[in-house]
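Subject: Structure handover

Hello,

Here is the structure I promised to pass on. Please have it open while you read the notes below.

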Amino acid sequence: MEITGVAQIRRRINDLRNIQTQNGTVKDKSQNYAKLLRDYEIPEAFREKYILSRYRPRNLTVLESLRSLFSANNETVNFWSHFLSAVIIIARYYSVIWAHNPLADHFYFPLTCFTLGCCTVYTMSCVAHLFSSMTEREFHIGYYLDNAAISVYTFTAGEAFYFYCHPLGSGMLVYDWRELFLLLSALISFAATYSCCMSRHCWLDFRFMIRTGSYILAWAHNCSPYFVRQFFCSTDPICNEDSMPLFKGCFLSFATAALANVSRVPERFFPEKFDFIGQSHHVLHVMTTLGNHFAYSVFLSDLVARKEALTIEHVPSFPETIGLTLLVLAGNLAIVFWFSNSLRLSSSSKSDRPLRRPPIR
Ligand SMILES: [Zn+2]
């Protein structure tokens, strides 16, 4: 039911009272981070749909948030799953560059960018989940950074898909003119961050559509060099059909992750059973990590099979790979900075807009 006006203000006041009395911050400061609360004991804006228990108290400090990593709350698995994902992708990258130094072989620059993108998204996800029980301000900034990181990641995936997988001699402007493809990728990345951050406060009824749509658009554009090539297999010098099963694995992993996130299965059917481990957000973390490893294998397979043909057309340079990634990262951080400043103005003017609806991660 829609709650507006006086009822909404009353509810907000009750929520603020709950923060002070029910989360233990006033009664007992020691071991505050280890307390586990029911969903009705925390403000509605910070609850997750179908997750009923194991919430941390609100207003934790940085130190308390760090300590809470070792208690069995409903963010513990979210943090550790992406922490482990970061370790695994770094290990895989080092296993590759052990034999192929990117400074000597510039074809490994796009792979370096993709690794940077993965590490950015895992790190920011860890930060967002870790500090989500601090103040409302940190809560929102954490998820702004998370959105920005996903946008940077999709851009780096686009770089790798373009430099390793794009169709050769297709006659299509967007694939023959790499600056145009990369410019479009960067613009989609900025637009996705802006719209996702905005959807936390405005366009609330369309927030799900905006976030899902932004990332589907980014995914479709950045992967397009690969699947468009399949249509030009007869004319492409090296189509490398060996990479097709790997790409299918990548697609299915991301599709499963998206389906779990949208459907909220299994917690939708078994409320409380998966609050600590096994909820749809954990499936999302695991399946996207798996999808990234399939993508990694696609890049390596295409690089080995198509390197000779790709070299004739163009060899990637540092500025158009790592340099561009750093620029896109800076642009996305600038958007986060702008939203963070706006959020401070919003709080100081006592606007209640950020708390009107529960956030969707
Ligand atoms: Zn997450």
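**What I found**

In the protein chain, 74% of the contacts with a separation of 6 or more are between residues 24 or more positions apart. Two residues are in contact if their C-beta atoms, placed from the backbone, lie within 7 Å.

Some ground rules. This is a predicted model: local features need pLDDT of at least 70, side-chain atom pairs count only at pLDDT 80 or more, and totals for chains, interfaces and linings use all residues. Residues are numbered from 1 along each chain as its sequence is written.

**Overall make-up**

The protein chain has eleven helices and zero strands. Helices (H or I, at least four residues) and strands (E, at least two) are DSSP runs, numbered from the N terminus. Of the 361 residues, 40% count as buried. Buried takes 20 or more other C-beta atoms within 10 Å of the residue's own; exposed takes 12 or fewer; partly exposed is in between; C-beta atoms are placed from the backbone.

**The core**

The largest nonpolar core has 66 residues. Such a core is a set of buried Ala, Val, Leu, Ile, Met, Phe, Trp, Tyr and Cys residues joined through C-beta atoms within 7 Å. Y144, L145, A149, A160, F161 and F299 touch the most other members. Two or more residues each come from α3 (76-97), α4, α5, α7 (178-198), α8 (207-231), α9, α10 and α11 (319-348). Helix α5 gives the most, with 17 residues.

Take L145 from that set. Leaving aside neighbours within four places in sequence, L145 is in contact with M124, V127, A128 and V336.

**The α4/α5 pair**

Helix α4 (residues 109-130) and helix α5 (residues 136-165) have axes that come within 8 Å and cross at roughly 165°. Axes are lines fitted to C-alpha atoms, for helices over the stretch in contact, and angles run from 0 to 180 degrees between N-to-C directions. So α4 is roughly antiparallel to α5. The cut-offs are under 35 degrees for roughly parallel, over 145 for roughly antiparallel, 65 to 115 for roughly perpendicular, and oblique for the rest.

The crossing of α4 and α5 is left-handed (the near helix is turned anticlockwise from the far one by less than a right angle; clockwise would be right-handed). The contact residues divide into 21 nonpolar, five polar and two charged. Here Ala, Val, Leu, Ile, Met, Phe, Trp, Tyr, Cys and Pro count as nonpolar, Asp, Glu, Lys and Arg as charged, and the others, Gly among them, as polar.

**Backbone points to check**

Most residues other than glycine have a negative phi, and most peptide bonds are trans. Here are some exceptions.

- The V265 to P266 peptide bond is cis, with omega near 20°. P266 is in the loop between α9 (244-263) and α10 (280-313).
- R264 is in the loop between α9 and α10. Its phi is positive, near 55°. R264 has 17 other C-beta atoms within 10 Å, so it is partly exposed.
- Y50 has a positive phi of about 70° and is not a glycine. The loop between α1 (5-21) and α2 (62-67) holds Y50. Y50 counts as partly exposed because it has 19 C-beta neighbours inside 10 Å.

**One more residue**

S301 is in helix α10. S301 and S243 are 58 residues apart along the chain, yet their C-alpha atoms are separated by 6.0 Å. Beyond neighbours within four places in sequence, S301 is in contact with N240, D242, S243 and L246.

Best wishes
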